[in-house]
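The sequence and the model are shown first, and the description follows.

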Amino acid sequence: ERYRGLLNNLNAGVVIHAPDTSFLMNNERASELLGLSEAELRGKSSISPDWHFLLEDNSICPLELFPVNQIIDKRQEIKNQIFGIVRPKTKDTVWVEVNGIPFFNSNGNITEIAISFADITRKRLSEIELKKREKNYRMLMEHAVDGIFISDHNQKYIDVNHRACEMLGYSREELLNLNISDLFPKEDLNKFPLQIDKILAGQTILSERNLLRKDGSTFPVEINAGTSELGTNAQ
């Protein structure tokens with residue numbers, strides 16, 4: 001009872017498997033995450049057709065990579081592996097971080113396998129949304145007709161689009177090794193200093209200036225500069 005009370009107070013799901021991968025017992029959190037009651041889970045195998053696991057790339061997990069099967073095959077613990085569990089009743093996917101450990105008898109045979117899994121669904125969905133936003137951001141950057149330059153607070157470029165490279169005759173790698181002031185003629189900077197302090201203070205600066213190409217020639221541009229979550233950008 002003390003053992004079960006401890007398990008039921010954990011936020012992680014815990015399942016104890018027999019050497020044949022069947023469920024011996026589980027805590028309440030495991031039932032919630034797997035979508036089946038303890039009575040429904042009892043005696044089922046980890047490879048039951050009632051559900052299936054997904055790998056991080058959303059592909060179907062092959063049987064040999066099921067957590068309990070890995071432990072039985074390698075006879076050692078697993079740590080911090082990510083899986084999706086498609087629940088049999090609701091057909092939704094719960095993403096979990098899995099740890100597992102085998103227990104041995106005096107003869108060196110596996111007697112039980114303990115699997116714990118923590119719900120990371122919210123984190124996983126946030127990561128997917130972030131990747132989606134990054135993809136959209138990159139598409140906007142690369143399809144823009146204006147040159148876009150993004151720098152950090154030290155005025156070093158951290159991103160530029162293809163149009164910016166075309167305008168200046170630099171490769172992307174070359175531009176990322178430059179600072180903002182490197183693209184302006186020195187005589188222009190002496191007469192009309194960049195208003196970086198105002199930009200960092202949150203102001204948007206509109207100006208007409210000359211930019212310096214890699215070959216040393218200059219050309220006039222209209223600059224719209226302001227701050228963003230990524231840093232200071234100039235178009």
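## The pairing of β4 and β5

In this predicted model, strands β4 and β5 are paired in the antiparallel sense, with 7 bridges between them. Within this pair, isoleucine 85 has valine 94 of β5 opposite. The two strands make up a hairpin in which 6 residues separate β4 from β5. Lysine 91 belongs to the turn of that hairpin and has a positive phi of about 65°.

## The pairing of β5 and β6

Strand β5, residues 93-104, is also joined to strand β6, residues 110-119. The two run antiparallel, and 9 bridges connect them. Among the facing residues, asparagine 99 stands opposite serine 116 in β6, and phenylalanine 104 has isoleucine 110 of β6 as its bridge partner.

β5 and β6 likewise form a hairpin, here with 5 residues between the strands. In this hairpin glycine 108 adopts a positive phi near 85°.

## The sheet as a whole

These pairings belong to an open sheet of 6 strands, whose order is β2-β1-β6-β5-β4-β3 and whose pairing is antiparallel. At the edges are β2 (23-26) and β3 (52-54), each of which pairs on one side only. From one strand to the next, the twist averages 35°. In general, the strands of a sheet pair through backbone hydrogen bonds, in either a parallel or an antiparallel manner.

## Helix α4 and asparagine 69

Helix α4, residues 67-74, lies across β1 (13-17), β4 (78-86), β5 and β6. Its direction is at about 140° to β6. The buried residues of this helix are Pro67, Val68, Asn69, Gln70 and Ile71, and the elements covering them include β1, β4, β5 and β6. After α4 comes arginine 75, which has a positive phi near 55°.

Asparagine 69 has its place in helix α4. This asparagine counts as buried because its relative accessible area is 18%, and the cut-off for a buried residue is under 20%. When neighbours within four places in sequence are left aside, the contacts of asparagine 69 are Thr21, Ser46, Ile47, Leu63 and Glu64.

## The cavity

How many cavities of 30 Å³ or more does the model contain? The count is 1 cavity. The largest cavity holds about 150 Å³ of space. Its lining consists of 14 residues, and those nearest its centre are His17, Phe53, Pro67, Ile115 and Phe117.

Several elements contribute to this lining. β1, α4, β5 and β6 each provide at least two residues of the lining of the largest cavity. Pro67, one of the residues nearest the centre of the cavity, is also among the buried residues of α4.

## Helix α5

Helix α5, residues 121-143, consists of 23 residues. From its first C-alpha to its last the helix reaches 33 Å, which is close to the 33 Å expected at 1.5 Å a residue.

Thr121, Arg124 and Met141 are buried in α5. The elements that cover the buried residues of α5 include the sheet strands β5 and β6, together with β7 (149-151) and β8 (157-160).

Key
Residues numbered from 1 in each chain as written. Predicted model: local features only at pLDDT ≥ 70, side-chain atom pairs only at ≥ 80, totals over all residues. Heavy atoms only, no water. Pairing = 2+ DSSP bridges. Helix = DSSP H or I, 4+ residues; strand = E, 2+ residues; numbered from the N terminus. Axes fitted to C-alpha atoms, helices over the stretch in contact; angles between N-to-C directions. Contact = heavy atoms within 4.5 Å. Expected span 1.5 Å × (residues − 1). Buried < 20%, exposed > 50% of the residue type's maximum accessible area, 1.4 Å probe, protein only. 1 Å grid on protein atoms, 1.4 Å probe; cavity = no way out; pocket = protein on both sides within 12 Å on 5 of 7 lines; lining within 4 Å. Points joined across faces, edges and corners; volume = space filled by probe spheres on them.
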